[in-house]
Amino acid sequence: GIASHLEKAVTTRVSLNSEQRLKALAAQMRDDDPAFESFSVPDSGFAPDQIVEVAQALSDTTHVRTVNLAGNVITDGRVLGGIIHNESITELDLSRNRLGSDLVMPLCRVVRSHPTLRRIDLRDNAFLKAEMLQPLRHAVWETNTIVEVRAGDSRDQEAILTDTTHPLHFLTF
């Protein structure tokens, strides 16, 4: 569910899936509210354009540390646009979306541009094939800050991402 501080930050005057609620969340991020440290809307049922609007507002905040957009049928690279400009994010959950191979390189830019990103969850996405994970593996290795990557279930993916010389200490497949 939605993190408790989101419930406190945006009153229940509007329903959970309403456009007004999303606009209020985006406004709160744009105001860079210090109390707004987590943006969590898994399985929200929001329309793709609504998710893009709120995710782009992430570029305006320096306080959000965790972002959970799991299960939102994300196929649009514009979602990564707001994330790439926010260097305060430490945890990013994009699992159970429809991220395709066209988003591998933008995702690599996100990984490389975040000096604080420590954990990323990419399970259950369309691009999770061994050949698609090569650029991601290199991006993770270059950062030297990421300690957890959740990418999928196959041994092929494990072979692509595993390297004993990298400080990555928790890898789930």
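1. A salt bridge here is a side-chain nitrogen of Lys or Arg within 4 Å of a carboxyl oxygen of Asp or Glu. Arginine 150 makes one with glutamate 148, with the closest N and O atoms 2.5 Å apart. The count comes to 7 salt bridges.

2. Basis: this is a predicted model, where local features need pLDDT of at least 70, side-chain atom pairs count only at pLDDT 80 or more, and totals for chains, interfaces and linings use all residues. Residues are numbered from 1 along each chain as its sequence is written, and side-chain values use heavy atoms, without hydrogens and water.

3. Glutamate 148 also bridges to arginine 119 (3.0 Å, N to O). Glutamate 148 lies in strand β5 (residues 148-150) and arginine 119 in strand β4 (residues 119-121), so the pair ties together parts 29 residues apart in sequence. Strands (E, at least two residues) and helices (H or I, at least four) are DSSP runs, numbered from the N terminus.

4. Accessibility of these residues: buried means under 20% relative accessible area, exposed over 50%, partly exposed in between (1.4 Å probe, protein chains only). Glutamate 148 is buried at 12%. Arginine 119 is partly exposed at 33%, and arginine 150 is partly exposed at 22%.

5. Arginine 112 and glutamate 142 meet in a salt bridge (2.6 Å, N to O). The pair links helix α5 (residues 104-113) and helix α6 (residues 130-143), with the two residues 30 apart. Arginine 112 is partly exposed at 40%; glutamate 142 is exposed at 52%.

6. Asp49, Asp76 and Arg78 are linked in a network of salt bridges.
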